[in-house]
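The following questions ask what lies behind the terms used for this model.

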Amino acid sequence: MRDVYIIGVGSTKYGELWDMSLRELASEAGLKALMDAGIKAEEIDALYGANTSAGQFIDQEHIAALISDYSGISELGIPAVRIEAGAASGGAALNQAYLAVKSGQYDTVVVGGVEKMTDVPSEVANEIIGGSLDAEWETFFGVTEASVAAMIAKRHEYDERVKREHYAVFPVISHKHASMNPSSHFKNVIKLEDVINASPVAEPLTVYDTAPLSDGASAIVITADKKKIKESENPIRIKASTMANDFLSLHDRKKIDSFKAVNKSVKEALKQSGLNLGNIDGYEIHDSYSIGSLIQMEEIFGKEAIKMVENNEYYFNSSHPLNVSGGLKAHGNPLGAVGLYQAIEATIQLRGKAGERQIKGSKNMLIHNMGGLGTTSVTTILGVE
Amino acid sequence: MSSIVSYGSYVPRYRIRAEEIARVWGEDPENIKGGLMIYSKSVPGPDEDVLTISAEAGKNAIKRTDVSKKTIGAIFVGSESHPYAVKPTASILVEALGLPNDIHSADYEFACKAGTAAIQNVMGLVDSGMIENGMAIGADTSQGAPGDALEYSASAGGTAFIIGKKGIAEINKTYSFTTDTPDFWRREGEKYPSHGGRFTGEPAYFKHVLTGAKRMMEMQGTKPEDYDYAVFHQPNGKFPTRAAKMLGFKDEQVKDGLLTPYIGNTYSSSMIIGLSAILDKAEPGDRILAVAFGSGAGSDAFDITVNDSIKSYKRDRAPGVMEQINRPIWIDYANYVKYRGKIIMRGE
């Protein structure tokens, strides 16, 4: 099987981008990715568009066709398809595009993700986000995604004797890193007590435990075309791309405070890449909720994850740099785009172009994108040769 | 340019505290007090509306001046809660205030800056020589849906100005900035307004208020330190405080005009009641920057200099703004909803 590389990346700023529509965001990111790759639209074989809920956020479906049209490439007849897997849409689109290129069906593909979330009031946005849960058995009864995260947190504190500080620290880390990333939604540094004492969203979680509503788009160009890889200044190899799923509803899971799918997709990705955790220089995980960050790290590292919190190992200049981009929490959370921004951050790090937040000597990065709370899990490992 | 000949305000005596509203809706009052800087708000009594509030403010303005009512050739009333959808508030006020019937009159609406739009229109008539003096009023009994964040701020009050050639404070310049920005609206027939949440901040309030203030200072060649007072539209206490800081004004320049923390947002009277409170204590030579904001959206900025005539001006003939603020009758949420007509009565 042939190797697949990322040869171009492009992203908009993330944030409350009142002046930009979904189509403008998507085409800006796509164009930047093509420019970064140094290729023309004619050289693209397919377009994969990731989006979670444009139908509800802006009354627009058929997103991939729209992006293609608005980017001015419809005349070329390039196939365009939307991939949706909750907030894991970006990772899932990358996975599907990777499989298509790996199989030889396509040589060069653009994968873009976009979400326009701030055109609706926040209470409506929260209902839309709840669409990633089970409508019949969860949201119908008033459950929101934040309340699911809160139940998981309560259970985890009770079962595993985890302290509030063990997961409240993750937003602190993300904000610190986001302050060094120019495209971040938030650039302010926060403290542990800010997280714990902020307004409650669903107890024990506060507004600082949860990722914001953001607008934004991110896109990458992947290829297996040898000529393009050779001409690329800094190609980054996709060493593994795996997906796994768990029960959609929390009540169907044997243990609600564990993410089995994460464990599975990460293990398979490590196996696929021939690497072990010792070879990974940095991690981008899905920090939509602080408690979710802790459980993802526990699924990857087991009990060590908490010790790593206590030893401050997750900062960019420490032993296990985590969410050096600023994560969903502080870099921003435009649902369908985040999985692709994770790939972009990893690419920037592996190219050695991350400026003051650069992870020194970074060779391999593991990124984990998640739909729901542990429902859909996508792991990608990127590396330099 | 025209000047302020006289002014007067009216604040209903009924008040409700943020704690009382938060108690009913199960919210933490500290978030409202600390986050929005709103401690209490005024509530119109059962017999009060924009007409009665305007009449009280107008009477206070008339009382303070010896200028004859016969010289008032225009009355414009800005509000987003006129008692009638069709039938002017202004025409009733002509009779209520005993103004001559040979008068230009109209009601205005531009969310929270309808009162300043009224001032500008009177200025135009005065400056063109069409009238000698004119009255401009901004008043509201603003609406907030039960449980909505607006319920903490939407309050009642009114301010009237008599504008003419010779007065107590020169309006050196006025400037307006307008864009199509849907941050806050109420459709015909709807009881309560809708708002765009966080969209009401940066792209609406701050963009327009800051642009209004900056362009005014550019045109006048002034800096924040050239002003003794600054007053901005105040939907809550936090926004104008932040806007003042962003523009480079100090607390002592803005504190006298910042009233929303105590009486809530009086909408069309919001900025001008702050200006009224400043004029209550202003001295000759004091310079004031005043910027109103109206959702939808636009800002009206005024550069004002108080002159020597304020010394002989009879401010004491009518109660000042602080005097009215400091005579509250505190009510609970039950009386609040009764007074505001939020209880469904038999036959409704």
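Two strands pair if DSSP finds at least two bridges between them. Strands (E, at least two residues) and helices (H or I, at least four) are DSSP runs, numbered from the N terminus. The model is predicted: local features need pLDDT of at least 70, side-chain atom pairs count only at pLDDT 80 or more, and totals for chains, interfaces and linings use all residues. Residues are numbered from 1 along each chain as its sequence is written, and chains are lettered from A and ligands numbered from 1 in the order in which they are written.

Q: What makes β1(A) and β8(A) a pair?
A: DSSP must find at least two bridges; β1(A) and β8(A) have 2, in the antiparallel sense. In β8(A), A:Ile236 is the bridge partner of A:Ile6.

Q: How many bridges join β8(A) to β11 (residues 376–383) of chain A?
A: There are 8, and the strands run antiparallel. A:Ser377 in β11(A) stands opposite A:Ala244.

Q: Why is β8(A) called largely enclosed?
A: A residue is buried if 20 or more other C-beta atoms, placed from the backbone, lie within 10 Å of its own. In strand β8 (residues 236–245) of chain A, 8 of the 10 residues are buried, so the strand is largely enclosed by the rest of the structure.

Notes: A residue is buried if 20 or more other C-beta atoms lie within 10 Å of its own, exposed if 12 or fewer, and partly exposed in between; C-beta atoms are placed from the backbone.
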